[in-house]
2 protein chains.
Amino acid sequence: MNLTPNLTSFVMHFGEMGSRWGFNRTVGQMYALLVISAEPLTANELAETLNISRGNVSMGLKELQSWQLVQVSHLPGDRKDYFRAIGSIWDMAKRVIEERRKREIDPTLSLLRDMLLDKPASAQEKHAQQRLQEIHDLLESVTNWTNELQRLSPDNLSTLLKLSSGVGKVLDMKDKFIGKEERKKNR
Amino acid sequence: MNLTPNLTSFVMHFGEMGSRWGFNRTVGQMYALLVISAEPLTANELAETLNISRGNVSMGLKELQSWQLVQVSHLPGDRKDYFRAIGSIWDMAKRVIEERRKREIDPTLSLLRDMLLDKPASAQEKHAQQRLQEIHDLLESVTNWTNELQRLSPDNLSTLLKLSSGVGKVLDMKDKFIGKEERKKNR
DNA sequence: TATAATTTTCAGAAATTACTGAAACTTCAA
DNA sequence: TTGAAGTTTCAGTAATTTCTGAAAATTATA
């Protein structure tokens, strides 16, 4: 496949950014290419377009599949695997959030849980545990949020994202809202 | 400084995770140590406790300062620099969000903006631009959110996080709130 | 101004991570 | 079965990143 210079520079940029997003350069390039391509691509097309080895493409696709960011499909009467980026932009966002949570938060959260079960054995540990508790609570909240996000429909997710500038407003509102609900309950 | 085995394992774990969070192993260890330490530490204490070279500590501290995650302080009559992790857990969370946005989103967003200014020159580019537009919009929303988060007081940030199981609730609130505002306007 | 205390820099070594390409494997069709 | 079409694996190499430690720079004190 031949890319216009513009698209090439996007693909390359995405490769550079890839490392900041948790996968390596070529995996980033492969994903960018799949995202902008109108048609599914074969592993060979990826290798040729990006000038990387066939073996590397195979490994990269495995990685992208583990992120659940690409899908394989087939054409009747053609044995080759065709790859495409999964669904909508919202699906991608959800997957990235989910995967990063698994990799960046879960392991730490589970270690923190264990550590907090131990009684602090010294003044040093006592102070440390306080900080660890705070970190634990924060990470747990973040985890809850991401779980909740997974459940949202694309529509609601979109609404929520666009709400940004109103977070403050909504929070102020929350007091009134909760207040009202509480009053109802206690009536 | 001598750490208990428990704390040592936390510090080491944080080092391993460090690479997933955007800094390297020793920087992660250094930060973990500063976070759990009740007292500010000198560069030499860090180097000794973690068994890494003095030079490495110097570079690592520079990195942590660029993330604005540590502060230097001094003791009267002592020329050494003492380092401590900045403020509260909320401050840390904000810094991390802010820095990651700068590193992981801003550059891509700015490239996407440029690309979307060009008229698509081919069918290929036309299709690609549609996807790029979607990505652009998503990243822009995320950026708006993080900006908004920066502005939130620790109190509100905490409330927002704990609201987790109520992302749905946030949306409900928004509807009622907006609805009320609209009704007011139209009255 | 000299010197002692401390921090920073940076060239090269060490460690880690990514990539290639040839061989092994799988799958299907004849 | 055989072999053609395709994919995966992995040992070895290349590229990148991290770390060390000695030298240079900085800063305070006498």
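Predicted model: local features only at pLDDT ≥ 70, side-chain atom pairs only at ≥ 80, totals over all residues.

Student: Let's begin with the DNA. How many residues surround DNA strand D, and which are the closest?

Tutor: Start by listing the neighbours. Here 17 residues surround DNA strand D, and the closest are R54(A), K62(A), T26(B), S53(B) and R79(B).

Student: Which atoms of the protein lie by a phosphate oxygen of DNA strand D?

Tutor: Look at backbone and side chain separately. On the backbone side, an N or O atom of S53(B) is 2.8 Å from a phosphate oxygen of DNA strand D, and a backbone N or O atom of D81(A) is 3.2 Å from one.

Student: What classes of residue make up the surface near DNA strand D?

Tutor: Sort the residues by class and count. This surface has seven charged, seven polar and three nonpolar residues.

Student: Now the two protein chains. What rotation superposes chain B on chain A?

Tutor: Read the angle and the shift along the axis together. Chain B is superposed on chain A by a rotation of 180 degrees with 0.0 Å of shift along its axis, at an RMSD of 0.1 Å. That is the relation of a two-fold axis. Both copies use the same surface, as 98% of the contact residues of chain B recur in chain A.

Student: Last, the sheet. Is the pairing in chain B parallel or antiparallel?

Tutor: In general, strands of a sheet pair through backbone hydrogen bonds, in a parallel or an antiparallel way. In chain B, three strands form an open antiparallel sheet in the order 1-3-2. Its edge strands are strand 1 (41-42) and strand 2 (70-75) of chain B, each pairing on one side only. Strand 1 of chain B is joined to strand 3 (residues 78-85) of chain B by two bridges, and L41(B) stands opposite F83(B) of that strand 3.

Student: What packs on this sheet?

Tutor: Helix 2 of chain B does, touching strand 1, strand 2 and strand 3 of chain B. The direction of helix 2 makes about 90 degrees with that of strand 3 of chain B.

Conventions. Residues numbered from 1 in each chain as written. Chains lettered and ligands numbered in written order. Heavy atoms only, no water. Near = heavy atom within 4 Å. Polar contact = N/O pair within 3.5 Å; in protein donor to acceptor, adjacent residues only side chain to side chain. Nonpolar A, V, L, I, M, F, W, Y, C, P; charged D, E, K, R; others polar. Least-squares fit on C-alpha atoms with pLDDT ≥ 70 in both. Contact = heavy atoms within 4.5 Å. Pairing = 2+ DSSP bridges. Helix = DSSP H or I, 4+ residues; strand = E, 2+ residues; numbered from the N terminus. Axes fitted to C-alpha atoms, helices over the stretch in contact; angles between N-to-C directions.
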